[in-house]
Amino acid sequence: MSGSNGTSRSGGASRQKGEARRTGAGFGRLLVTVYGILAFAAIGRSSYELATKFSEAPVAYSLSTLSAVVYVLATIALAKGGPRWRVVAWVTVGFEAVGVLAVGAASAVSPDVFGETTVWSGFGQGYGYVPLVLPFVGLWWLWRTRPRADDGRASSAPDPTAPEPTPPDPEVR
């Protein structure tokens with residue numbers, strides 16, 4: 001929806017041409033909530049593993065800790081959504097996508113590769129495959145809310161580079 005001054009309105013807030021939609025608004029609130037829940041779960045899991053069992057499977061438990069850090073950063077970045085935070089969101093969510101695919105594939109080929117399961121083992125099977133789906137939903141949302149140069153095209157402001165309209169010819173009927 002466009003306003004008369006060249007701003008686009010999304011979720012009741014107006015934005016200037018080329019300005020990104022807020023990543024933490026609308027559907028983004030649900031996304032941030034799911035990321036927050038996953039971050040909380042991953043922090044709990046990795047804290048327990050590091051405190052009680054780290055020597056049993058250091059690679060697996062380090063990967064769980066890494067995933068917790070990624071989820072926390074992604075949650076904050078998506079919630080804040082400013083230009084710098086969008087970069088952090090792209091990096092963390094992209095890293096998460098690669099991580100869950102790599103760890104998931106490695107654990108599918110050799111289930112004992114890490115010694116124990118991680119958040120991303122089996123493509124996030126232990127978490128209902130949410131770790132597999134979430135980064136792709138996050139990347140889609142970041143893409144959908146990106147700043148676009150064509151925002152505000154429906155503006156009623158005249159284009160200063162457009163040629164002057166020619167008046168109708170009175171002789172033509």
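Colleague: Which pattern does the chain follow when read along the sequence?
Modeller: In this predicted model, the chain holds 4 helices and 2 strands. Taken in their order along the sequence, these elements give the pattern β-β-α-α-α-α.

Colleague: What percentage of the residues in the chain are buried?
Modeller: A residue counts as buried when its relative accessible area is under 20%. The chain has 173 residues, and the share of them that is buried comes to 35%.

Colleague: What share of the contacts in the chain with a separation of 6 or more comes from residues 24 or more positions apart?
Modeller: The contacts considered here are those in the chain with a separation of 6 or more, and a contact means heavy atoms within 4.5 Å. Within that set, residues 24 or more positions apart account for 67%.

Colleague: Where around helix H4 do its buried residues lie, and what arc do they cover?
Modeller: The buried residues of H4 are Pro131, Leu134, Pro135, Gly138, Leu139, Trp141 and Leu142. They are on the same side of H4, because the arc they cover around the axis is only 160°.

Colleague: Against which helices do the buried residues of H3 pack?
Modeller: Helix H3 has 27 residues and reaches 39 Å from its first C-alpha to its last, close to the 39 Å expected at 1.5 Å a residue. Its buried residues include Ala89, Thr92, Val93, Val100 and Val103. The helices against which the buried residues of H3 pack are H1, H2 and H4.

Colleague: Is threonine 92 buried or exposed, and which residues does it contact?
Modeller: Threonine 92 is found in helix H3, and at 7% relative accessibility it counts as buried. Once its neighbours within four places in sequence are left aside, threonine 92 is in contact with Val70, Leu73 and Ala74.

Colleague: Which residues does tryptophan 90 touch, not counting residues up to four places away in sequence?
Modeller: Tryptophan 90 also has its place in helix H3, but at 34% relative accessibility it counts as partly exposed. Its C-alpha atom is separated by 8.8 Å from that of alanine 77, which is 13 residues apart from it along the chain. The residues that tryptophan 90 touches, with those up to four places away not counted, are Leu139, Leu142 and Trp143.

Colleague: Which backbone oxygen lies 3.3 Å from a polar atom of the side chain of serine 46?
Modeller: Serine 46 lies in helix H1, where it is buried, with a relative accessible area of 4%. Not counting residues up to four places away in sequence, serine 46 touches Ser64, Thr65 and Ala68. The backbone oxygen that lies 3.3 Å from a polar atom of its side chain belongs to isoleucine 43.

Colleague: What kind of aromatic pair do tryptophan 140 and tryptophan 141 form?
Modeller: A search of the whole structure finds 6 aromatic pairs. In the pair of tryptophan 140 and tryptophan 141, the rings are 5.8 Å apart centre to centre, with 45° between the planes. Tryptophan 140 is partly exposed at 44% relative accessible area, whereas tryptophan 141 counts as buried at 3%. Planes under 30 degrees apart would count as stacked and over 60 as edge-to-face, so this pair is tilted.

Technical notes
Residues are numbered from 1 along each chain as its sequence is written. This is a predicted model: local features need pLDDT of at least 70, side-chain atom pairs count only at pLDDT 80 or more; totals for chains, interfaces and linings use all residues. Side-chain values use heavy atoms; hydrogens and water are left out. Buried means under 20% relative accessible area, exposed over 50%, partly exposed in between (1.4 Å probe, protein chains only). The arc is that of the directions from the helix axis to the C-beta atoms. A polar contact is a pair of N or O atoms within 3.5 Å; within protein, one must be able to donate a hydrogen and the other to accept it, and residues adjacent in sequence count only if both atoms are side-chain atoms. Rings of Phe, Tyr and Trp (its six-membered ring) pair if their centres lie within 6.5 Å; planes under 30 degrees apart count as stacked, over 60 as edge-to-face and the rest as tilted. The expected span of a helix is 1.5 Å times one less than its number of residues.
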